[in-house]
Amino acid sequence: MTDQMRRIALARRPEGQPVPDDFLLERGPVPEPAAGEVLVQVTHHSLDPYMRGRMDDAGSYAASLSIGETMIAQGVGVVLASRAEGFAEGDSVTGMTGWASHAVLRGGELRKLDSRVPATTALGVLGMPGFTAWQALREYGRPKAGETLVIAAATGPVGAMVGQLAKAQGLRTVAIAGGDEKCKLALDKFGFDAAIDHRAHGDAASLRKALAEVCPDGVDIYWENVGGKVLEAVMPLMNIGGRVPVCGTIAWYGGGASDKLPQVWRSILTKRLSVNGFIIFDHWDAFPDFLDEMTPKVAGGEIAYLEDITDGLDKGPETFIAMLKGGNTGKTIIKV
Ligand code: NDP
């Protein structure tokens, strides 16, 4: 094959927030599939906040990337050559391709895409982020009609799905998002009942005051996506018996966990809260049920979604760095 494979590798470990020099674009021959393997031409790959953790050496719930290794990502693409049963040239598939133009994966590591919906939905609304929302809301949020749910990063793929599922179950949904445009999207596209711009509030006390106004009956579910100032603002507003599914703490992914944590911790006691950390990778058994239920709803327009697609594999590092700071509007995707 004359084509070249391009991939983005981890060049070095970031200190704090990643910078472009932490990544390296490499070129090489397109790999050949061995018996049982499939060669995929990647058309799009996902960018997700969890990838920041994989760049560190520190032990976490998943293995670190090695220096020189291709950055991890789920991708979608088309089969170029197959030596695995069940896959043929031209099939649309998804798997952990990495930030790369081509990937060789075992047949068992790939899934064929559903033609009722665009391929890129497998990375967001009908992929890991959407599934995270669907699974953890029912398991750890335990929503009940009439309750109030608050969520930050509300227009991202996790937040938008949590908001829509909660709203459909009769909850009052309150979005926290960065900037006017995202607040408007939260209200108009994702049906939140209220939206607050966290950037307009310099500290937690000011944000809490604004939240209290739009949560007159307190907060029953705080879906934790960000940590930091938002966490500090919401916790004292929790109702007794409230639930806090702890999904992510992106405000701290570059370091700097707040020293206000002890105050937040006390709210867990005084409000008798159920705080559940979870990692969606432990729940894959339920993924087929999620797809069965949600694919027709996405195909029929009942569930709205938004994708932020950047053209060019080489744009991955800057797009990822921007996403971690809120530069994305919707699910962040690279068109390879
Ligand atoms: P998004 O696409 O929503 O991107 C991240 C968003 O976080 C940014 O757009 C920004 O939104 C917001 N943000 C960044 N920094 C801050 C800050 N300091 N304060 C407040 N908001 C901030 O991400 P996802 O929907 O993919 O993921 C949401 C969260 O869920 C992440 O923390 C992620 O790590 C976590 N996650 C956890 C999983 C698990 O298994 N536990 C699985 C999947 C995701 P804005 O501009 O609106 O502030």
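## Buried or exposed?

A residue counts as buried when its relative accessible area is under 20%, as exposed when that value is over 50%, and as partly exposed in between. Keep those cut-offs handy, and keep in mind that what you're looking at is a predicted model.

You'll find Asp 22 in the loop between strand 1 (4-10) and strand 2 (23-29). What does its side chain sit beside? A polar atom of the Asp 22 side chain lies 2.8 Å from the backbone nitrogen of Val 19.

## Where the ligand sits

Now look for the ligand. There are 27 residues around it, and Lys 182, His 198, Tyr 253, Ile 280 and Asn 328 come nearest. Sort the residues of this shell by type and you get 16 nonpolar, 9 polar and 2 charged. Why does the ligand lie between the two domains? Both domain 1 (4-124 + 305-335) and domain 2 (128-280) give residues to the shell, so the ligand lies between them. As for helices, at least two shell residues are supplied by each of helix 2 (128-141), helix 3 (157-168) and helix 9 (316-324).

Several backbone atoms reach towards the ligand's oxygen atoms. A backbone N or O atom of Ile 280 is 2.7 Å from an oxygen atom of the ligand. For Gly 178, a polar backbone atom is 2.8 Å from a ligand oxygen, and for Pro 157 that kind of distance is 3.4 Å. How much of the ligand does the protein bury? Taken alone, the ligand exposes 910 Å², and the protein buries 91% of that.

## Helix 2 and what follows it

Of its 14 residues, 12 are buried, so the helix is largely enclosed by the rest of the structure. Among the buried ones are Met 128, Phe 131, Trp 134, Leu 137 and Tyr 140.

Just after helix 2 comes Arg 142, with a positive phi of about 45°. Arg 142 is found in the loop between helix 2 and strand 8 (148-152). With a relative accessible area of 36%, Arg 142 is partly exposed, because that value falls between 20% and 50%.

Ala 153 also has a positive phi, about 50°, although it is not a glycine. This residue sits in the loop between strand 8 and helix 3, and at 40% relative accessibility Ala 153 counts as partly exposed.

## Salt bridges

Side chains of opposite charge can pair when their charged atoms come close. A search of the whole structure turns up 13 salt bridges. Take the one between Lys 331 and Asp 48, where the closest N and O atoms are 2.9 Å apart. Lys 331 lies in strand 15 (residues 331-335) and Asp 48 in the loop between strand 3 (37-46) and helix 1 (50-54), so this pair ties together parts that are 283 residues apart in sequence. Both partners are buried: Lys 331 has a relative accessible area of 4%, and Asp 48 has 5%.

Next up is Lys 112, which forms a salt bridge with Asp 91 at 3.7 Å between the closest N and O atoms. Lys 112 is in strand 7 (residues 111-112), while Asp 91 is in the loop between strand 4 (75-82) and strand 5 (92-95), 21 residues apart. Lys 112 is partly exposed at 43%, but Asp 91 counts as buried at 19% relative accessibility, because the cut-off is 20%.

In a further pair, Lys 167 and Asp 193 have their closest N and O atoms 2.7 Å apart. Lys 167 lies in helix 3 and Asp 193 in the loop between helix 4 (180-188) and strand 10 (194-197), so parts 26 residues apart in sequence are tied together. Lys 167 is partly exposed, at 34%, and Asp 193 is partly exposed too, at 32%. Salt bridges can also join up: Lys 144, Glu 147 and Arg 243 are linked in a network of them.

## An exposed glycine

Finally, find Gly 327 in the loop between helix 9 and strand 15. Is Gly 327 buried or exposed? At 51% relative accessibility, Gly 327 counts as exposed, because that is over 50%.

Note on methods:
Residues are numbered from 1 along each chain as its sequence is written. This is a predicted model: local features need pLDDT of at least 70, side-chain atom pairs count only at pLDDT 80 or more; totals for chains, interfaces and linings use all residues. Side-chain values use heavy atoms; hydrogens and water are left out. A residue is near a molecule or strand if one of its heavy atoms lies within 4 Å of it. A polar contact is a pair of N or O atoms within 3.5 Å; within protein, one must be able to donate a hydrogen and the other to accept it, and residues adjacent in sequence count only if both atoms are side-chain atoms. Accessible areas come from the Shrake-Rupley method with a 1.4 Å probe; for residues, only the protein chains shown count as cover. Helices (H or I, at least four residues) and strands (E, at least two) are DSSP runs, numbered from the N terminus. Ala, Val, Leu, Ile, Met, Phe, Trp, Tyr, Cys and Pro count as nonpolar, Asp, Glu, Lys and Arg as charged, and the others, Gly among them, as polar. Domain bounds come from an automatic or database domain assignment. A salt bridge is a side-chain nitrogen of Lys or Arg within 4 Å of a carboxyl oxygen of Asp or Glu. Buried means under 20% relative accessible area, exposed over 50%, partly exposed in between (1.4 Å probe, protein chains only).
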